[in-house]
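Subject: Structure handover and findings

Dear colleague,

Please find below the structure that I am passing on to you. I would be grateful if you could read the notes after it alongside the coordinates.

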Amino acid sequence: MTTSGTALRRTLGVRDAVVVGLGSMLGAGVFSALGPAARAAGRGLLPGLAVAAVVAYCNAMSSARLAARYPASGGTYVYGRERLGEFWGYLAGWAFVVGKTASCAAMALTVGAYVWPGQAHAVAVAAVVALTAVNYGGVQKSAWVTRVIVAVVLAVLAAVVVACFASGRMDAGRLGAGPATGAGGVLQAAGLLFFAFAGYARIATLGEEVRDPARTIPRAVPLALGITLVVYAAVAVAVLGVLGAGPLGHAAAPLAEAVRAAGMPGLVPVVRVGPRWPRWDRCSR
């Protein structure tokens with residue numbers, strides 16, 4: 001039962017839950033977070049990514065265990081209410097809503113910045129409206145559209161990685177070069193990159209829509225997070241190896257700049273297709 005008393009259908013298996021998680025983590029975040037993270041960490045970008053991954057794993061597994069113990073839709077609200085009481089559940093639920101509203105706006109604007117920089121706000125509004133309409137159609141339709149989105153984004157990211165490594169302009173020396181910002185810069189980069197991982201919470205909120213949640217959610221969360229980490233690490237190494245920490249930190253569209261620097265400007269329009277949708281978690285119900 002949901003918190004409002006309306007029963008939801010348990011239709012999603014492990015594969016569907018993993019796809020929903022990937023759709024929540026892979027998307028506009030990776031297209032936007034690498035630049036600010038490189039500017040903050042300099043040569044510490046990759047250690048910052050590792051720190052973000054460790055924190056994300058710890059948080060994700062605790063969320064997965066809570067979701068398995070309390071398999072009801074509502075996510076943070078349900079966990080706070082069940083473990084700490086009504087007030088804390090209410091506070092956690094509203095904090096979750098406010099945070100997701102802000103992150104939805106950030107991701108939508110990233111879409112606008114890539115797709116049509118001159119009309120970024122209009123594109124952002126259109127993207128949010130489109131995703132809201134799809135989510136309104138039900139979780140099964142959402143899962144189907146998410147598969148399409150994940151396939152497109154993975155194809156674009158694979159194109160970026162292959163272009164960078166095959167260009168002959170990769171320089172392993174750039175991975176450890178750049179300004180030294182110390183532990184503070186690494187932690188700041190980790191915070192920015194953690195934002196790109198945070199969509200795993202979407203799986204936990206599906207507690208009442210997955211089959212056998214006690215088994216499905218604890219399996220789906222680490223699988224989705226592990227796949228995302230491999231993808232992010234490959235993209236970060238490829239882009240950093242071509243651009244270097246300095247230019248990457250000042251790039252408005254880091255992945256587009258990377259393929260351009262790799263000598264493949266024809267891929268820039270393809271890269272701009274990648275973040276056309278905000279991540280599913282950011283604008284979902």
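Predicted model: local features only at pLDDT ≥ 70, side-chain atom pairs only at ≥ 80, totals over all residues.

Helix packing

To begin with α4 and α5, helix α4 spans residues 76-84 and helix α5 spans residues 86-115. Their axes come within 7 Å and cross at roughly 160°. Angles over 145 degrees count as roughly antiparallel, and α4 and α5 are therefore roughly antiparallel to each other. The handedness of this crossing is right-handed. On the α4 side, the contact is formed by Thr76, Tyr77, Gly80, Arg81 and Leu84. On the α5 side, the residues involved are Glu86, Trp88, Gly89, Tyr90, Ala92, Gly93 and Phe96. Sorted by class, this contact between α4 and α5 has six nonpolar, four polar and two charged residues.

The pair α1 and α10 is arranged at another angle. Helix α1 covers residues 14-25, and α10 covers 213-243. The two pack at an angle of about 40°, with their axes 8 Å apart, and they are therefore oblique to each other. α1 passes α10 in a right-handed crossing. From α1, the contact draws on Val14, Ala17, Val18, Gly21, Leu22 and Met25. From α10, it draws on Arg215, Thr216, Arg219, Ala220, Leu223, Ala224, Leu225, Ile227, Thr228 and Tyr232. The class count for the contact of α1 with α10 is 11 nonpolar, three polar and two charged residues.

For α3 (45-69) and α8 (182-197), the axes come within 7 Å and cross at roughly 55°. That angle makes α3 oblique to α8. The crossing of α3 and α8 is right-handed. Helix α3 contributes Leu45, Pro47, Gly48, Leu49, Val51, Ala52, Ala53, Val55 and Ala56 to the contact, while α8 contributes Val186, Leu187, Ala190, Leu193, Phe194 and Phe197. By class, the contact of α3 with α8 has 14 nonpolar, one polar and no charged residues.

The cavity

How many cavities of 30 Å³ or more does a search of the whole structure find? The search finds one. About 50 Å³ of space lies in the largest cavity. Its lining consists of Gly29, Val30, Ala33, Leu34, Leu49, Leu193, Ala196, Tyr232 and Ala236. The elements giving two or more residues to this lining are α2 (28-41), α8 and α10. The largest share, four residues, comes from α2. In terms of class, the lining has eight nonpolar, one polar and no charged residues.

At least two residues of the lining come from each of α3, α4, α5, α8 and α9 (201-204). The lining of this pocket divides into nine nonpolar, seven polar and two charged residues.

Yours sincerely

Note on methods. Residues numbered from 1 in each chain as written. Heavy atoms only, no water. Axes fitted to C-alpha atoms, helices over the stretch in contact; angles between N-to-C directions. Parallel < 35°, antiparallel > 145°, perpendicular 65-115°, else oblique. Left-handed = near helix turned anticlockwise from the far one by under 90°. Contact = heavy atoms within 4.5 Å. Nonpolar A, V, L, I, M, F, W, Y, C, P; charged D, E, K, R; others polar. 1 Å grid on protein atoms, 1.4 Å probe; cavity = no way out; pocket = protein on both sides within 12 Å on 5 of 7 lines; lining within 4 Å. Points joined across faces, edges and corners; volume = space filled by probe spheres on them.
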